[in-house]
Amino acid sequence: MSKVFILIFSLLILISSAQAIGERFLLWESFEDITPPSWPLGWLTEDYNGDGINWETKKYGGLGEHPQCVRYSAQATADDWFYTSALTLNAGVAYTLSFRYKVSSTSTQKMNIWFGGTQASASMTTQIYDNSALTNTIMTLVTATFTVPISGVYYIGFHCYSDANLLRLFVDDILVSYPETDLQLKVVFDEGILNSGIPTYNLSDTIESYTLLKNIGLADLNLNLRFTVGGITNNKAELSYICIDPTGDTLTFGLMVEESQLKSSDFQALAPGATAGKHYNLQTPFTFSQLGTYTLVVRYQNYHKNPDGSDAWLGRIMSNPVNFVLE
Ligand SMILES: [Ca+2]
Ligand SMILES: [Ca+2]
């Protein structure tokens, strides 16, 4: 039975590996926590062309199990905006904006995205993205990068400028992220801690992995430590285990993900220098049948706000890849 532990982990002294790759979410909005037609707190729309038609939040149209989204639908030529809540952005940081969109027919929609200092079209000074040929009828991920010239408070504006009578444009899963530098994710094995060299097991052994989140920054991080486990295709699990077998194939993660009700107590402050993690036997989800060298990578992610409304770390981070041998 694996268990969650939090500790200042002296064993980390023994661990050396490459820096993990991650991103922190500055803004994550899937529109699932609102009741349409209301908008998330601090968001705003602007009926620029004054025709009484504008972007709306809707209960349907988004992706799969998260269908609530934003929709634009007009008979007249579109010229309307919606704006995110305030974002504190720093000069010199490479931000990534991503979102998903689809159109409801084979017609072509037009949208550009800007940032500026207030929630008004006249203040939208810098374009991040423009596409005058949005044609995908299934939800499609779009990514754009941007920087700001001066550190400060900004808003991102989504502007639809489609021709008349083009039915519907849906937008969902709006994410603004930047590289994570304060959190490190490492994976080690009990055999790697106890013995030098590549951890080596027999097929009948338990293969105990330790996934360790370490705060390498200067401030507390309020982390979701529920640590539900899943495979790479599962977007609910906090921890996803990706195991590559000796032939290069990715092993099937053979468990259903059980997502317990998230509680405020699942979020805990991790102080600078402190480590949290999960101890997990890889024989539980995976079936090992071949001898040779395997590679494991673990992803930690949290898309969930703390139910009590307090600050929570949102983002995703990949561990270093680590090898182990079955002989
Ligand atoms: Ca959604
Ligand atoms: Ca309008």
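1. Apart from neighbours within four places in sequence, Leu296 is in contact with Val187, Ser209, Tyr241, Cys243, Val322 and Phe324. Here two residues are in contact if their C-beta atoms, placed from the backbone, lie within 7 Å.

2. Some ground rules before going on. This is a predicted model, in which local features need pLDDT of at least 70 and side-chain atom pairs count only at pLDDT 80 or more, while totals for chains, interfaces and linings use all residues. Residues are numbered from 1 along each chain as its sequence is written, and chains are lettered from A and ligands numbered from 1 in the order in which they are written.

3. On confidence: pLDDT is the predictor's confidence in each residue, from 0 to 100. The protein has a mean pLDDT of 91, with 94% of its residues at 70 or more. Please read residues 1–20 with care: their pLDDT is below 50, and this stretch has 36 contacts in the model beyond near neighbours in sequence.

4. Now the overall picture. The C-alpha trace spans about 70 × 40 × 35 Å along its principal axes. One helix and 24 strands make up the secondary structure; helices (H or I, at least four residues) and strands (E, at least two) are DSSP runs, numbered from the N terminus. Of the contacts with a separation of 6 or more, 78% join residues 24 or more positions apart.

5. The protein is divided into domain 1 (4–22 + 180–326) and domain 2 (31–179), with bounds that come from an automatic or database domain assignment. Their C-alpha centres lie 34 Å apart.

6. What share of the 327 residues is buried? Buried residues make up 35%. A residue is buried if 20 or more other C-beta atoms lie within 10 Å of its own, exposed if 12 or fewer, and partly exposed in between, with C-beta atoms placed from the backbone.

7. Leu296 returns in the largest nonpolar core, which has 70 residues; Leu169, Val171 and Leu296 have the most contacts inside it. Strand β13 (residues 168–179) gives the most to this core, with six residues. Because domain 1 and domain 2 both give residues to the core, it lies between them. A nonpolar core is a set of buried Ala, Val, Leu, Ile, Met, Phe, Trp, Tyr and Cys residues joined through C-beta atoms within 7 Å. In soluble globular proteins, nonpolar side chains tend to be buried together.

8. Next, strand β22 (residues 292–302), which pairs with β19 in the antiparallel sense over six bridges. Two strands pair if DSSP finds at least two bridges between them. Ile242 has Val297 in β22 as its bridge partner. Strand β19 (residues 239–244) also pairs with strand β18 (residues 229–230), in the parallel sense over two bridges, and there Gly230 stands opposite Ser240 in β19.

9. Tyr294 also sits in strand β22. Is Tyr294 buried or exposed? Tyr294 has 22 other C-beta atoms within 10 Å, so it is buried. Beyond neighbours within four places in sequence, its contacts include Cys243, Ile244, Phe324 and Leu326. Thr284, ten residues from Tyr294 in sequence, is 16 Å from it in space, C-alpha to C-alpha.

10. Strand β6 (residues 80–83) is worth a look as well. Asp80 and Phe82 point one way from the strand, Trp81 and Tyr83 point the other way, and all are buried. With β3, strand β6 pairs in the antiparallel sense over three bridges, where Glu46 has Trp81 as its bridge partner. Four bridges join β6 to strand β12 (residues 152–160), again antiparallel, and Tyr83 has Gly157 in β12 as its partner.

11. Finally, some backbone details to check. Most residues other than glycine have a negative phi, and most peptide bonds are trans. The bond from Pro36 to Pro37 is cis, with omega near 15°, and Pro37 is found in the loop between β2 (21–29) and β3 (44–46). Phe31 lies in the loop between β2 and β3 and has a positive phi near 65°; Phe31 is buried, with 23 other C-beta atoms within 10 Å. Asp173, in strand β13, has a positive phi of about 55° although it is not a glycine. Asp173 counts as buried because it has 20 C-beta neighbours inside 10 Å.
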